[in-house]
Every structure is written in C-alpha cells, then in structure tokens.
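Reader: I would like to learn how to read strands, cores and salt bridges in a structure. Can we go through them one at a time?

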Amino acid sequence: MAVCAELNQLQHIEPSRFISFSFPNPFLHDASNPYSDADDHAEFLRVAVVDSPAPAAPSPTAPRTAAMLVPAGRHRDWIFSTRAGQLHLLLSSRSQCTISRLILVGPEIPTPSPRIVCSAAARPDPDPARARLLPLLLALCPRAAFGNGAIPDVPLLSFHDDLLRLVPVQLVAGPVVGEMLVEDVAVDCAPGPAELRRRLRFKRMPCLIQTQVRLAWPMSAAASAASSLLEALEEGPASSLQPEVGGPLVQPYLQAMVAGLALIDSSVEENARSGARPRCLCAGIGGGALPMSIRVGLGFDVLGVESDCVVLDVARNYFGLVEDEFLHVRVGDAIQMIQDFAHGDEPDSKFSAIMVDLDSPDAMCGVSAPPLEMTHRSILLAARRILHHDGVLVLNVIPPAADASFYKGLIDVLHQVFSELYEIDVGNGENFVLVARVSPTESTLLDSSRLFRTELRKLTGDFLERIRKVEIPS
C-alpha cells in the first residue's frame with residue numbers, strides 16, 4: 001500500500017523532505033481522542049512528516065524525532081496544513097529539544113472546521129494520546145534512531161499561542177505573494193484584558209504575522225454598544241468593529257523600528273522649526289500599520305512601496321490605510337526602487353529615514369528577514385546615497401535559523417557602509433532591529449527633553465531605552 005512506500009522512504013533524514021498521507025485513526029472511539037468534539041467517527045487522520053532543512057552534522061547522538069497534535073479546530077490553518085508552516089514549527093521547536101524530524105498528526109484537511117475557532121484546552125501531561133500514537137511514531141523514526149538496539153523516545157510537543165478566538169474575514173490572492181488571509185482574533189493579553197485585533201498572513205509564510213492592528217468600536221457606536229467586543233467578534237465581519245490606525249503599534253518589532261527614529265531627533269526638530277516635514281521611505285507596506293503610524297503619529301511625509309497591488313487593496317479595505325498628500329504608495333520592487341532613486345535625477349529623492357520591513361520569499365529557509373539581496377553592499381550603498389547626511393536606515397532582521405553567520409555578516413557590511421550602527425533586541429527571541437546612521441550622532445540617546453522624543457515614546461513603549469550602539473570589533 002502507499003503508506004508502506006512512504007515509510008520506506010523515511011528510513012533516513014533527507015533535508016527539507018515533506019510528505020503527508022492518510023492513516024487509520026488510532027483514536028477512533030477512544031477516550032483519549034483529542035478531536036472527539038469535532039468528529040469522533042473520522043476513520044482517518046492526516047499524518048505529515050518534515051525533515052530539518054540543514055543536513056545532519058556528524059554526531060555521536062542519534063537523530064531525534066518529535067511529534068505534535070494539531071490543535072482542535074485548526075487543521076486547516078496554514079501553520080499546520082502547509083509545508084512552510086510545518087517547517088517553521090520544526091525550527092521553532094528546537095527551543096524545546098533539538099530535532100531532525102517533526103511528525104504532525106491531525107484531522108484530514110477536508111474535514112470541516114468551525115467558523116469561529118476557540119483556543120483548545122490544554123492537553124493532559126502525560127498525554128494519553130501518545131500511547132495510541134506510539135507504534136506509528138516509532139515506525140516513522142529514521143533507522144539511525146535505533147542505534148545499539150535502543151528504542152527512541154519520541155516526545156509529544158505542544159503548541160501554544162495567545163489566541164482565544166479566530167474568525168476568518170477574507171481570503172484573497174495576489175500576483176506576487178500568492179494567497180493571503182485577513183482574520184479577526186481575540187488575543188490573551190494577561191494580566192491585562194483580552195484585545196481584539198485584525199491581522200494579515202501570507203500562505204507562503206504562515207507563521208509570520210505581516211500586520212496586526214487593534215479593533216475597536218467606532219466613536220459613534222462605543223457608548224451605545226450593548227454587546228461585548230468578544231460578542232461583536234463572533235458576529236463576524238459584518239460587525240461594526242473598525243481597525244485603529246495611527247496610534248500605538250501592536251507588534252513589538254514595529255515599535256522597535258519606530259524607536260530607531262530617535263537617532264534623528266535633532267534633525268526632525270530642526271525640520272519642524274523650519275516648517276518642513278521629514279521624509280520616510282517604507283520598503284514593504286503589508287497592512288500599512290507602520291507607514292500610517294509614522295504619518296499620523298509623527299507627522300512625517302511618507303512614501304510606501306509594496307510589491308503586490310492586492311496587498312495594497314487589502315491594506316485600504318481592511319486595515320485603514322489612507323493615502324493623502326503626506327502618505328503616498330507605489331507598487332513595485334522596493335529594493336529596485338532604492339537603486340533607481342540612487343542612480344536617477346528624480347527630485348525629492350532624499351529621505352531622513354528608510355524603514356525596511358521585507359521578509360525573505362524563500363519559505364524553505366524558515367522565517368527570515370530581510371531578503372538576502374537587501375544585505376548586499378551595493379544595495380546598502382544605494383540606500384546611503386538617498387539618505388540625508390544625518391539620515392538612518394532601519395532594518396527589521398530575523399536571522400535565518402539555518403544560517404548562524406547571517407546576522408554577523410550583516411553587521412559587518414553595515415559597519416563598512418555607514419558611520420554608526422545601533423541595535424534593538426525586540427525580546428521575542430526572533431527579531432532584531434538594526435539602525436545605521438550616515439553620519440555620527442551629535443546628541444545623546446538619554447536626552448529625553450526633545451518634543452519629538454516624547455511623541456516617539458507614545459508609539460514605542462520602552463524600546464527607546466533598549467537602543468545600544470554596536471561597536472566595530474577591534
């Protein structure tokens with residue numbers, strides 16, 4: 001049978017291999033069934049196997065395999081139903097244990113999922129489901145895991161996020177990024193109250209939230225609203241909830257990026273005294289939270305560049321992106337546009353800041369940012385040419401899990417091109433923000449007396465205190 005052929009291929013670890021197949025449900029009519037609320041009579045489950053993208057280095061220890069049960073109701077979520085999502089789960093699971101293979105078990109994808117997905121109850125520890133799965137899990141371990149006649153331990157990993165409710169709003173496809181999903185979610189913000197947010201995800205990188213904004217009642221409805229925010233969420237997209245725009249940013253890495261503008265505070269205030277607006281180029285728009293915040297909250301003149309016209313439509317229709325005389329958007333390749341500005345004679349091609357929020361399109365390397373092209377010396381030199389003498393390049397950086405040298409290499413080339421370099425650790429174990437200055441800074445980062453610094457603090461929380469200078473190694 002087909003499964004036997006698949007099992008035969010899995011005798012060895014093969015970098016980035018991904019296979020999935022149906023398998024007789026070992027939980028059928030059993031009390032340990034984690035999906036009994038959805039369909040206790042499903043005869044088959046979906047089993048997916050992904051191997052680490054990095055070739056296994058010679059090691060005295062056998063390659064480890066781990067398994068994970070798909071949370072109830074989320075088997076259609078791209079995190080659990082796609083190769084890119086499962087690869088990210090494997091790479092992120094290394095914080096729990098170093099594994100070479102991840103096995104995902106859940107309902108078959110055609111199985112209906114609820115319109116509103118609620119957070120699944122925590123599974124018991126130890127999980128009785130593991131005993132029912134163990135024969136299958138052992139059969140899917142590579143042969144090297146059974147060295148010296150040992151029976152490998154296959155831990156059952158758990159998946160946790162902060163979602164309390166999830167309601168899909170709109171699924172669309174763009175010519176560049178492919179399928180994307182707008183969804184409204186209720187997020188656990190303990191010890192504070194839960195928040196309602198709207199977010200955007202791409203299928204090619206399902207674990208990366210491209211944009212996230214708060215939802216709230218419009219001012220006209222806030223006082224008379226009889227239902228709670230959670231009830232409004234469950235009413236679906238037709239409810240009167242609206243995205244909040246221009247205020248404090250939800251995503252910490254965006255707060256950190258905006259905090260990087262503290263390094264141009266003196267020039268911003270000089271512009272303000274002369275009646276001029278500082279100009280900012282946003283490479284990558286997504287739902288528009290970053291350009292809207294810089295435009296509305298800080299009074300910049302913003303040019304945003306987005307590669308996909310459908311992403312811009314989504315930003316306008318679902319996330320409150322509004323273009324006006326001080327916020328313009330273009331469709332195109334942002335990196336190419338930086339080069340065109342640097343080599344052209346277009347007026348107003350100088351900027352106080354360039355904000356780069358671009359992720360790598362190669363999902364098989366896991367989540368990473370920026371694209372490798374953006375790290376090339378020629379591109380960084382082009383960016384420097386279109387910055388004012390005291391301007392900054394602000395980069396959102398997610399080092400690829402499979403390339404430990406990426407981050408150091410980026411720091412080295414930035415030091416070669418720019419006068420000073422600063423770093424902000426976002427604190428999520430994933431993102432860093434690098435801020436490169438064209439010329440040495442004249443003011444102290446501890447100077448909080450400036451009006452611009454006060455406005456920055458409203459948008460960035462405590463990230464101003466996290467800015468540290470990255471010295472050139474001696």
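**Strands, cores and salt bridges**

Author: In β4, G106 is the bridge partner of R46. Keep in mind that this is a predicted model.

Reader: What holds strands side by side in a sheet?

Author: Strands of a sheet pair through backbone hydrogen bonds, in a parallel or an antiparallel sense. Here β4 pairs with strand β2 (residues 44-51) in the antiparallel sense, over seven bridges. Strand β3 (residues 65-69) and β4 run parallel, and five bridges join them. Within β4, L104 stands opposite M68.

Reader: Is strand β4 buried or exposed?

Author: Buried means under 20% relative accessible area. Seven of the seven residues of β4 (residues 101-107) are buried, so this strand is largely enclosed by the rest of the structure.

Reader: In what order do the eight strands of the open sheet come?

Author: The order is β14-β13-β12-β15-β16-β18-β17-β19, and the pairing is mixed. At the edges are β14 (327-331) and β19 (468-469); each has a single partner strand, so one side of each is left without a neighbour in the sheet. Inside that order, strand β17 (residues 420-425) and strand β18 (residues 432-437) pair in the antiparallel sense over six bridges.

Reader: Now the cores. How many residues are in the largest nonpolar core?

Author: The largest nonpolar core has 53 residues. The residues with the most contacts inside it are V258, L261, I294, F300 and M355. Helix α7 (residues 252-259) gives this core its largest share, six residues. At least three residues come from each of domain 2 (163-243) and domain 3 (252-469).

Reader: Which residues is L261 in contact with, leaving aside its neighbours within four places in sequence?

Author: L261 is in contact with L298, F300, A353, M355, V392, F452 and L456. There is also a second, separate core of 37 residues, which includes M337, V356, V438 and V470.

Reader: How do I read a salt bridge? Which residue forms one with E183?

Author: Look for a side-chain nitrogen of Lys or Arg within 4 Å of a carboxyl oxygen of Asp or Glu. By this rule the count comes to 26 salt bridges. E183 forms one with R199, and their closest N and O atoms are 2.7 Å apart. E183 lies in strand β8 (residues 178-187) and R199 in strand β9 (residues 195-202), so the pair ties together parts that are 16 residues apart in sequence. Both E183 and R199 are buried. They also belong to a network of salt bridges that links R74, D77, D161, E183, R199 and R201.

Reader: Where do K458 and E455 lie?

Author: Both lie in helix α14 (residues 451-460), three residues apart, about one turn of the helix. K458 counts as exposed at 53% relative accessibility, whereas E455, at 25%, counts as partly exposed. R457 and E465 also meet in a salt bridge through their side chains (2.8 Å, N to O). R457 counts as partly exposed, at 32% relative accessibility, and E465 is exposed, with a relative accessible area of 53%.

Notes:
Residues are numbered from 1 along each chain as its sequence is written. This is a predicted model: local features need pLDDT of at least 70, side-chain atom pairs count only at pLDDT 80 or more; totals for chains, interfaces and linings use all residues. Side-chain values use heavy atoms; hydrogens and water are left out. Buried means under 20% relative accessible area, exposed over 50%, partly exposed in between (1.4 Å probe, protein chains only). Helices (H or I, at least four residues) and strands (E, at least two) are DSSP runs, numbered from the N terminus. Two strands pair if DSSP finds at least two bridges between them. A nonpolar core is a set of buried Ala, Val, Leu, Ile, Met, Phe, Trp, Tyr and Cys residues joined through side-chain atoms within 4.5 Å. Domain bounds come from an automatic or database domain assignment. Contact means heavy atoms within 4.5 Å.
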